[in-house]
Amino acid sequence: ALYSKELLRRKIDTYRRHSVTAFPGGQFLEYAISRNLTDAYLKDTVDSGFEALEVSDNLLELAQRDKHEIISHAHNDFGLKVLGEVGSKADVSSAKGLIDDALGCLEAGAWKVLFEAAEFYEDGHFRDDLAEQILSSVPVDQVIFELPGSWIAGISASDVHDMQVWLLERVGPQVNVGNVAPGDVVSFEALRLNLGVKMRFDTP
């Protein structure tokens, strides 16, 4: 939001040269939707050089049907790879509501579905029952589990580590994970490779 378009293009091109797909966070789009500027935002996203974007409703009250229509519009009419995020940063949602939203995002054309990290914690406890229901209802290769962070009350570094281990043991080293802090990339990759902590999965 604070870059010149020229600088933004250079940064995106740098990512692209290293096989990284950059995309703007969903709250930018939420702001545009609230101002009835959805199409203008999608056009500017493409013009800036992005090839993907996130569609979320973290802070904006948006009916699932409307959200899914935006995903379809961004994908079909603007050629964008879409990540649909489900869940709230402030409220605890039902498993059915999250799963229905996720499946609706995928049906609308989303490439992957991000599950908001805050949904996996209630009163400081990991909702492994929710994670299990998601795994049994949504294709795991199309799910990205967001890790929690200090922005969620009561979350410690050990909570983040425990969720990493749970996902790796339950899904395997190929699990898609978001919100991995830059300083944790090497240690998390070590976990994926079964180094340092005895994991209950086999690596090739």
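Over the ring of which residue does the charged end of Lys81 sit? The charged end of Lys81 sits over the ring of Trp111, at 4.5 Å from the ring centre, where a charge counts as sitting over a ring if NZ of Lys or CZ of Arg is within 6 Å of the ring centre and within 35 degrees of the ring normal. This is a predicted model, in which local features need pLDDT of at least 70 and side-chain atom pairs count only at pLDDT 80 or more, while totals for chains, interfaces and linings use all residues. Residues are numbered from 1 along each chain as its sequence is written, and side-chain values use heavy atoms, with hydrogens and water left out.

**Aromatic rings**

- The structure holds six aromatic pairs, a pair being rings of Phe, Tyr and Trp (its six-membered ring) with centres within 6.5 Å, called stacked if the planes are under 30 degrees apart, edge-to-face if over 60 and tilted for the rest.
- One of these pairs joins Tyr121 and Phe126, which are tilted, with 5.7 Å from centre to centre and 45° between the planes.
- Tyr121 counts as buried at 8% relative accessibility, whereas Phe126 is partly exposed at 23%; buried means under 20% relative accessible area, exposed over 50%, and partly exposed in between, with a 1.4 Å probe and protein chains only.
- Phe126 also pairs with Trp166, and because the ring centres are 5.4 Å apart and the planes stand at 70°, this pair is edge-to-face.
- Trp166 is itself buried, with a relative accessible area of 18%.
- Ring pairs link Phe115, Phe120, Tyr121, Phe126, Phe145 and Trp166 into a cluster.

**Pocket and cavity**

- The largest pocket holds about 860 Å³ of space; on a 1 Å grid over the protein atoms alone, a pocket is an open set of points with protein on both sides within 12 Å along at least five of seven lines, a cavity is a set of points where a 1.4 Å probe fits but cannot get out, and lining residues have an atom within 4 Å of a point.
- Grid points are joined across faces, edges and corners, and a volume is the space filled by probe spheres set on the points.
- Of the 32 residues that line the largest pocket, Phe23, Pro24, Gly25, Phe28 and Phe50 are the closest to its centre.
- At least two lining residues of the largest pocket come from each of α1 (5–17), α3, β3 (112–115), β6 (143–146) and β7 (177–178), and α1 gives the most, with five residues.
- The lining of the largest pocket has 17 nonpolar, nine polar and six charged residues, where Ala, Val, Leu, Ile, Met, Phe, Trp, Tyr, Cys and Pro count as nonpolar, Asp, Glu, Lys and Arg as charged, and the others, Gly among them, as polar.
- The structure holds one cavity of 30 Å³ or more, and the largest cavity has a volume of about 50 Å³.
- Residues lining the largest cavity include Ile12, Tyr15, Arg16, Phe50 and Glu51, and by class this lining has five nonpolar, two polar and two charged residues.

**Buried residues and their contacts**

- Thr38, in helix α3 (residues 38–47), counts as buried at 17% relative accessibility.
- Not counting residues up to four places away in sequence, Thr38 touches Leu29, Ala32, Ile33 and Ile70, a contact meaning heavy atoms within 4.5 Å.
- Leu147 is found in the loop between β6 and α7 and is buried, with a relative accessible area of 1%.
- Among the residues that Leu147 touches, leaving aside those up to four places away in sequence, are Ala117, Val160, Met163 and Asn179.

**Loop residues with positive phi**

- Most residues other than glycine have a negative phi.
- Ser19, in the loop between α1 and α2 (26–34), has a positive phi near 60° and counts as exposed at 71% relative accessibility.
- Asn179, in the loop between β7 and α8 (185–192), has a positive phi near 65° and is partly exposed, with a relative accessible area of 38%.

Technical notes
Helices (H or I, at least four residues) and strands (E, at least two) are DSSP runs, numbered from the N terminus.
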